[in-house]
Amino acid sequence: SEKVMHPESSQAKKSQRAEEAAFYMNCRAAYLAVLKSSLENIKSKEQLRLVLQQAGRNPSQKTVNKYWTSQTTTLNFDDFCTILREEKPATKNELLEAFGKIDKDKTGYILHDELYRILTTRGEKMTEDEVNAITEQADFNCGGKLDYNKFCDLYMTTREQCCKTARERLELDSRLKQQQFGNQAEPSSEEITLPVSKPSPRVSRKSDRKLPAAKGDSRTPSRPSSAQSCKASISTTISMAARSNRNTKLIEPDTMKEWHCAQSKGCFYLEEDGEIVSHKYRLHVPQRSTICITIKPLNIHQEEGISCHWLSVDTALYILKENESQENLQLVSFTEQQNQEVSGWKGELGSGVYWLLPFTTGCRLKKVKTQITEEAELVYRDEDGELALTPEFRAALLDIFETIDLDGNGLLCLEEYNFFELRTSGEKCDEEAWAVCKENFDMRRNELTRQGFMDLNLMEANDREGDPSDLWVTLLSLGYNKALEMTEACPFVINIYAEKCKPRIKAMYLEAGSSQLNRAVCKSVVRKGEAKVLDGCENVIVYTYSTGGRVTSVIENKSENKVIIHVNNEQSKNCLSNRGLTVFAVEVAPKSTMVSQHVMPLNEQEEWLYNCVHSLV
């Protein structure tokens, strides 16, 4: 019915998928025009320049240096795709505009002498021979002048021809195409899957036998032709029901009204490199008790009609028991029960100290480029010429206050404020500085009020005489864009219910996902997932675990040597991944386990199909 009612929306999705497919085809074609395999890394600046040129870019030395720094040793295919998204090819209008700045009289021509002077003295200086190679071309040179309109036309034609040649080579060389991306036909725009998650695999054996179908979770192993070009492979297919048709185990804290409750808020923050930072918590359970633990995205907007896009971000908690030390943590369980946006776990915990590690797959919390037409105003001058915060900035600050007020008492203690400071400036406020705050800003019981927090930000604006630069640094570090929308953060709330004792929860750190969290994710999938051994390779095992809302695969390499696993998701439908690519490869170290990918439905109201082939390269 949705397709009938909204044909424009359906057509737009098809168009977007077609554009995505064309982009990756161009990436593949350019990469394989220079390198033998998509699994081979770019090993030098010259190779980087060549692959960029094959993709229709004309990179300057400055551009190459931007991506190949003194610390860079190699770049892989994923890195190359990211660079192409960043470095858009120049349009004809942009080229004409650049030439127009030289051609002051707008004649359409530039004298060779003037061109020579500019190209050999400005920017990345060209040699005399390089300039002569341009001015000697008869197609766009006449009487000592360059016709830059014709030059731009030839430049655009040459660039397109370069890309076309690379694509044709990829199409014609079926052997190369089969080696890297399977020998299946190119998927139609309706079949293309959106991004697939980051690598971290583990594998075990169950050969391709049919499994009984269950409502909403039928598994039928299949072997798409894309697996045929590799030494050993296994495929996993999981058909998942739409959210509205999914049977979930309900978590009903309302039935625990007489239980003791503890609560804390927190937040996931997206770093520039895509890494996710979040709070980490210590939980003290005084005596053995039945415990219910839940986590969900926090709706900080009180006004109706204002949507919070982060409410669709998946959240989970991993529960670890502290033994002799923080380094020696034992996985107890994780919140796998789901009720709408709430993720929860219920069970018995003995007395002691536990760690709660928040987790999100990154499928829905990821870098997005949005076109900001107008930067929001943060401050203005009132009638008396005094600086004041704009209503929009005040609203954003109130939301920030709501997020960083971890205990929800409407005040910021020094510890809560320091999490904010560490995130925005990398520094902490000591007791002496806090005492100064107490003298200048509104506080109650030695804790900062909302008004005090507002005044603190206004003082920062006054210190810079209205320059909002520092304020923007704060906002951007907290996940806001220049339109004052929180697009790269997800606030959440954790609730702990205990039947027989009063639990205590405290935020201890604000940091990126630790090795302990990675191990916990892998252990949980190995413990509860379906295991398959790669055919013909007993030492490589893929574990696949699915809940109603996501699928996670983990690869285990039991051998003494590293292995490279090719992962193909091109037959998946209605899927969203934290990886960003439907076809990729991961390297698994000897005697190790790592996550291959997390996958979620693109549209939760529709059925989705996870179809993944893991192949040994």
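Which residues in α12 meet which residues in α15? On the α12 side they are Phe 420, Arg 423 and Thr 424, and on the α15 side Val 473, Thr 474 and Ser 477. Before going on, a reminder that this is a predicted model.

The geometry of that contact is as follows. Helix α12 covers residues 414-424, and its axis comes within 9 Å of the axis of α15, with a crossing angle of roughly 105 degrees. Angles from 65 to 115 degrees count as roughly perpendicular, so α12 is roughly perpendicular to α15. By class, the contact of α12 with α15 consists of two nonpolar residues, three polar and one charged.

Helix α15, residues 469-477, has a second contact to report, with helix α14, residues 450-463. The two axes come within 8 Å and cross at roughly 135 degrees. That makes α14 and α15 oblique to each other. From α14 the contact takes Asn 457, Glu 460 and Ala 461, and from α15 it takes Asp 470, Leu 471 and Thr 474. The classes here are two nonpolar, two polar and two charged. Note that Thr 474 is listed for the contact with α14 and is also among the residues that meet α12.

Next, the aromatic residues. Phe 420, which I named for α12, belongs to an aromatic cluster together with Phe 401, Tyr 417, Trp 434 and Phe 453.

The model has 15 aromatic pairs by the ring-centre rule. I will go through two of them. For Tyr 31 and Phe 77, the ring centres are 5.2 Å apart and the planes stand at 85 degrees, so this pair is edge-to-face. Tyr 31 sits in helix α2, residues 7-34, and Phe 77 in helix α5, residues 77-86, so the pair ties together parts that are 46 residues apart in sequence. Both Tyr 31 and Phe 77 are buried.

The other pair is Phe 99 with Tyr 148, and this one is stacked, at 5.2 Å centre to centre with 15 degrees between the planes. Phe 99 is in helix α6 and Tyr 148 in helix α9, residues 148-172, so parts 49 residues apart in sequence are tied together. Phe 99 is buried, at a relative accessible area of 13%. Tyr 148 also counts as buried, because its relative accessibility is 6%.

Staying with α6, residues 92-102: Leu 95, Phe 99 and Gly 100 are buried there. They lie on the same side of α6, because they cover an arc of only 140 degrees around the axis. In general, an α-helix has 3.6 residues a turn, so residues three or four places apart point the same way. The face of α6 turned away from the buried side carries Asn 93, Glu 97 and Lys 101, which are exposed.

Thr 290 lies in strand β8 and counts as partly exposed, at 22% relative accessibility. Beyond four places in sequence, the contacts of Thr 290 include Trp 259, Lys 346, Gly 347 and Tyr 497.

Thr 315 is in the loop between β8, residues 289-297, and β9, residues 316-322. Is Thr 315 buried or exposed? It is buried, because its relative accessible area is 6%, and the cut-off is under 20%. With residues up to four places away left out, Thr 315 touches Phe 268, Ile 295, Lys 296, Pro 297, Glu 341, Ser 343 and Phe 359.

Note on methods: Residues numbered from 1 in each chain as written. Predicted model: local features only at pLDDT ≥ 70, side-chain atom pairs only at ≥ 80, totals over all residues. Heavy atoms only, no water. Axes fitted to C-alpha atoms, helices over the stretch in contact; angles between N-to-C directions. Helix = DSSP H or I, 4+ residues; strand = E, 2+ residues; numbered from the N terminus. Parallel < 35°, antiparallel > 145°, perpendicular 65-115°, else oblique. Contact = heavy atoms within 4.5 Å. Nonpolar A, V, L, I, M, F, W, Y, C, P; charged D, E, K, R; others polar. Buried < 20%, exposed > 50% of the residue type's maximum accessible area, 1.4 Å probe, protein only. Arc of directions from axis to C-beta. Phe/Tyr/Trp six-rings, centres within 6.5 Å; stacked < 30°, edge-to-face > 60°.
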